[in-house]
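Hi,

Here is the structure I said I would pass on. Have a look, and my notes on the helix packing follow below.

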Amino acid sequence: MARLVQPPPKYTPEEWHASNHLQYFNAEHERAAAERLRDESLRLAHETEVRTRQTQLDVNKKLDQRITDINFWKSELDQKQEETEDEISTMLQFKARVEKALADTELPLMIAQQCLANREKRMKVDLVHDNVEMQLQKEVEVIEGVQALLQRTLEQATEQIRLLRSAKYYLDKDRKDKFQAHGIDNKCASLENTSAGLHFAKGAVKVEKNSVTPDEWEDFSNKNILKAEREKNSAINLRSIIDGILIQTLSDLQAQCQAVNLAFQKRIEETVEAKTKLEQHLAKVGYT
């Protein structure tokens with residue numbers, strides 16, 4: 001026999017009221033929780049906004065200070081680079097002077113050596129080791145000594161120019177790096193919350209292993225500047241030495257040239273006098 005369909009259970013009015021109170025209580029509890037969550041979210045959002053703005057202000061101040069530091073070091077590098085370029089140009093002029101002075105010694109040396117070679121053609125007793133020969137030999141020694149000194153000076157000037165160019169290379173490289181850093185930081189300083197194309201860069205706050213500290217950054221530029229200053233001072237001292245060497249060698253060459261000329265003059269007078277006496281005696285002998 002088929003089972004009769006049971007009617008749904010009936011609840012009492014008390015159960016109905018109790019169910020309504022329970023649902024109301026649960027809804028009120030969830031509403032209160034949602035309200036607390038909303039208030040907490042608003043508080044966190046406000047706190048985050050305040051902290052973010054404060055952080056942005058702090059970062060902007062640091063960026064401004066960083067840009068100021070970059071401008072300072074870049075101006076220092078610019079000035080030192082210009083001074084180094086000027087010193088290189090001046091040293092090249094001094095090098096050219098030394099090269100010319102060295103080249104100018106070739107002809108006097110050739111003349112002195114030719115004079116010595118010609119005087120070897122004197123005959124018999126006239127082949128005497130006289131003062132002229134001694135002064136000519138001394139002139140050759142002086143000129144060769146001057147040439148050796150000028151050659152060493154030329155090598156020093158060449159090396160100093162190389163050191164100046166090396167210092168200039170590092171200044172130029174540092175200046176380019178500063179220029180690039182200046183452009184990047186200026187771009188960063190110009191960004192605002194409403195700037196287009198902003199997105200979160202993954203790993204942006206990661207400190208790279210090859211990063212340096214601000215002190216190391218300043219020390220790097222300071223070393224380049226000090227190196228350039230040191231080489232510039234060395235070049236100035238060398239230019240002073242070159243001036244002194246050129247003056248002294250010219251004086252030595254002129255003094256020895258004058259000594260040779262005086263020796264020649266005296267020897268020629270002695271030779272003319274001896275020749276005149278011989279001619280006179282020869283005339284007497286021939287007359288008799």
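Is the crossing of H1 and H3 left-handed or right-handed? The crossing is left-handed, meaning that the near helix is turned anticlockwise from the far one by less than a right angle (clockwise would be right-handed). Helices here are DSSP runs of H or I with at least four residues, numbered from the N terminus.

Before the rest, some ground rules: this is a predicted model, where local features need pLDDT of at least 70, side-chain atom pairs count only at pLDDT 80 or more, and totals for chains, interfaces and linings use all residues. Residues are numbered from 1 along each chain as its sequence is written, and side-chain values use heavy atoms, with hydrogens and water left out.

On confidence, pLDDT (the predictor's confidence in each residue, from 0 to 100) averages 86 over the chain, and 91% of the residues score at least 70. H2 has the highest mean, 91, and H4 (residues 214-287) the lowest, 88.

Back to the packing. H1 (residues 13-104) meets H3 (residues 131-190) at about 160°, with the axes 8 Å apart; axes are lines fitted to C-alpha atoms over the stretch in contact, and angles run from 0 to 180 degrees between N-to-C directions. H1 and H3 are therefore roughly antiparallel (over 145 degrees).

H2 (residues 106-119) also packs on H3, at about 150° and with axes 9 Å apart. So H2 is roughly antiparallel to H3, and this crossing is left-handed.

Cheers

How values were computed. Helix = DSSP H or I, 4+ residues; strand = E, 2+ residues; numbered from the N terminus. Parallel < 35°, antiparallel > 145°, perpendicular 65-115°, else oblique.
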